[in-house]
Every structure is written in structure tokens, then in C-alpha cells.
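Let's take a walk through this one together. Have the sequence and the coordinates open, and follow along.

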Amino acid sequence: MQQVPVSLWTLVAGIVVTAISIWIGQNHTLMPMQASLQAPLVDGFFNVMFTIAIALFLVVEGTILIFLVKFRRRRGDDTDGLPIEGNVPLEIFWTAIPTVIVLCLGIYSVDVFNQMGGFEPAGHPHSAAHVAHKSGTALAATLSDASEATTAPTIAPTIGIGASPQTLNKPADLVVDVKGIQYAWIFNYPDSGITSGELHIPVGADVQLNLSAQDVIHSFWVPNFRLKQDALPGIPTELRFVATRPGTYPVVCAELCGGYHGSMRTEVIVHTPEEYDSWRTENQIAQQQNLNQVVAVNPADLSTSEFLAPHTHDMGISAATLESLVIGH
């Protein structure tokens, strides 16, 4: 019986490994549902790396299994193995191939990073609101000043994911200031004055997040968007993206920021344009009503019992008991 050449076996094994690797690399379910314009770019790069990893795994593990069987110690064979000292062509091969793979992946990753907006020049407008705790008429003036400061842009150098080559030098459709604190995210909308604990955006809009941190380093990560950007104390960062699918997606802090780091979670809610306009209108009205209530009440005009009345329930004191205590005092 004629023996099959090793080169033919190698060719067949290469074809099988390539087919299996490509199929698994392109048909896995490891990533969550795509929900942004940037997600396919990241997934494309991940699929290429995963395909290569599967191929390397099959080659290495397959070779180990073949050698375990073919070169196993036979019963009664106590001789020494062949004195193999090295194979220069093989060593050049397994050094050159990984080098080429790493260089190609590096070039590919730079292209993906550029398409996502990672090379956008720095220097973009960031808004800042200053909130102070004062009483009486000074509170109204402070809130008024904060409202004006919210819409006043200040130019600061930024790093992060900015405009893509297609949107370069074009203003974003929606700008949101995002502040990370232990252990929550606060979203401020400069154009409407809304402050929220969740990120609400319209689908298809070019959104720019101006990230900052109050205390320690946080990291704003939306797995469905394939985007993650650090929020740094004292250093403004930026994250710009376009959501492509309405829905509710988790926002996770991906940087260890303290004892309750695991609970620092919120959501990004992607609305249709009509739903977003409705949400913005409702929240503007609600926050304006709350502001009017705060400004309308001057603590200096309240009696002691009236000032303490909102807190009596938490203290377990009835209104009658509080009144008698105040009068007695």
C-alpha cells in the first residue's frame, strides 16, 4: 500500500483548520447585540483575532495530540529518544508568521481606531455647572448663575473617541456632560438644563459625551456600543458615537473605583426621535416645577416647626409633639 506523503496530509489539515477557524470566528455568539455605528468595526476586528486564535489553538493542540499518539513510548522500549538539537527553518517559520500576523493586526487596529474617531484633534467645548448650597434669596441667584454657566462653553483639551473622519469638524447633534462619582453616573444636558441618572439619547443622533470624574478614575463602558472611555479627575475626556438600535442597554463602570464599584451601574436608553422629544419636554417641565418650588421657599420666612416638618416622619416625631417641643423651648 502506497504511503500518503506528509505534505499532502499537511495540506488537508491546513484546509480543515482554516475552514473550521473561519466558521467559528464568524458565527460565534460571544458578543452582545450591536447597537451603535462603531460596534461593527470593533466586531470585525474581534472576529479576525478570534479566527486566528482558533486556528492557532487547533494547530498547537492538534500537533500535541498527534505527537502523544505517534511518539508514545511502546511497551518494552527502553531506548533513548532521537537527539534532536534544533531545526533552523522551522524556528524561522514560527517566528516570521506570528510577526507578520501581529503587524497586520496592528495596522488593522489603527484603521479601526481612526474610523471610530480616535485620532480626532483635541480641543472641544465643554460646559460646566457650578452648584452651591445657600439659603434664602441667595439660593435663587445661585441657581440662576448655575443655569447660565451650564450653557457657557469652555474650551479644554480632550482625549478619547471623538468625531469620525466623516463627521470631522462637524458639531455633534447632542452634547451631554457625564460626571462619575463614587458610585453613580450623573448626566447633564446643557441645551435643556435636564439632569438625570440615566442617559437618554435619540437613535441615529451623533452624540458627544464630555466625561469627567469628581473623585477617582472611573470608566464609562457600554458593551452593546463596543465603547469604553475613562473618566479622569481634572482631565476632560470625550466619547462620541451614534446609536443605531432603540432599546435599553447597561452602562458599567469598568475601572475599579472603590468598595461599591460593582454597583456603579446605570442604563442608556435609546429612544426614537419622537420618544426622545417627549422625554425631554416632560423632564424640562418637571425640573422647572421643582426649581420654582425651591426658589419660592425662603427658609428665613419659615417658623421652626415649619422648617422641621418635612423631617419629622424620618425622626419618628408627630407634628403635635414637634409643635409642643417648639413652644416649650
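Helices (H or I, at least four residues) and strands (E, at least two) are DSSP runs, numbered from the N terminus. Bear in mind that this is a predicted model, where local features need pLDDT of at least 70 and side-chain atom pairs count only at pLDDT 80 or more, while totals for chains, interfaces and linings use all residues. Residues are numbered from 1 along each chain as its sequence is written, and side-chain values use heavy atoms, with hydrogens and water left out.

First, the overall picture. The chain's secondary structure comes to seven helices and 13 strands. Of its 329 residues, 30% count as buried, where buried means under 20% relative accessible area, exposed means over 50% and partly exposed is in between (1.4 Å probe, protein chains only). Now take contacts, meaning heavy atoms within 4.5 Å. Among those in the chain with a separation of 6 or more, 70% come from residues 24 or more positions apart.

Let's start with the helices. H2 and helix H3 (residues 88–116) pack with their axes 9 Å apart, at an angle of about 170°. That angle makes H2 roughly antiparallel to H3. Axes here are lines fitted to C-alpha atoms, for helices over the stretch in contact, and angles run from 0 to 180 degrees between N-to-C directions. As for the labels, under 35 degrees counts as roughly parallel, over 145 as roughly antiparallel, 65 to 115 as roughly perpendicular and the rest as oblique. Which residues of H2 and H3 make the contact? From H2 come Leu41, Val42, Gly44, Phe45, Val48, Met49 and Ile52, and from H3 come Ile101, Leu105, Tyr108, Ser109, Val112, Gln115 and Met116. By class, that contact has 11 nonpolar, three polar and no charged residues. The classes work like this: Ala, Val, Leu, Ile, Met, Phe, Trp, Tyr, Cys and Pro are nonpolar, Asp, Glu, Lys and Arg are charged, and the others, Gly among them, are polar.

Leaving aside neighbours within four places in sequence, Asn47 is in contact with Gly25, Gln26 and His28. Over in helix H1 you'll find Ala19, which is partly exposed at 47% relative accessibility. Ala19 and Thr51 are 32 residues apart along the chain, and their C-alpha atoms are separated by 9.9 Å.

Which helix gives the most to the lining of the second largest pocket? That would be H2, with 10 residues. The pocket has a volume of about 950 Å³ and a lining of 22 residues, of which Trp9, Thr10, Ala13, Thr63 and Ile66 lie nearest its centre. The elements that give two or more residues to this lining are helix H1 (6–27) and helix H2 (39–70). By class, the lining has 13 nonpolar, eight polar and one charged residues. A pocket, on a 1 Å grid over the protein atoms alone, is an open set of points where a 1.4 Å probe fits, with protein on both sides within 12 Å along at least five of seven lines; lining residues have an atom within 4 Å of a point. The volume is the space filled by probe spheres set on the points, which are joined across faces, edges and corners.

Now for the strands and their loops. Thr167 lies in the loop between strand E3 (159–161) and strand E4 (174–181). Thr167 is partly exposed, with a relative accessible area of 22%. Beyond its neighbours within four places in sequence, Thr167 is in contact with Asp206 and Arg240. Asn169 is in the loop between E3 and E4 as well, and is exposed at 74% relative accessibility. Its phi is near 70°, a positive value in a residue other than glycine.

Arg226 also has a positive phi, near 60°. Its place is in the loop between strand E9 (218–222) and strand E10 (227–231), and Arg226 counts as buried at 10% relative accessibility. For a backbone feature of another kind, look at the peptide bond from Gln182 to Tyr183, which is cis, with omega near 10°. Tyr183 is in the loop between E4 and strand E5 (184–189).

Last stop: Tyr276, in helix H5 (residues 273–296). Is Tyr276 buried or exposed? With a relative accessible area of 4%, Tyr276 is buried. Not counting residues up to four places away in sequence, Tyr276 touches Leu174, Tyr189, His200, Ile201, Pro202 and His271. Tyr276 and Ile201 are 75 residues apart in sequence, yet 6.7 Å apart in space, C-alpha to C-alpha.
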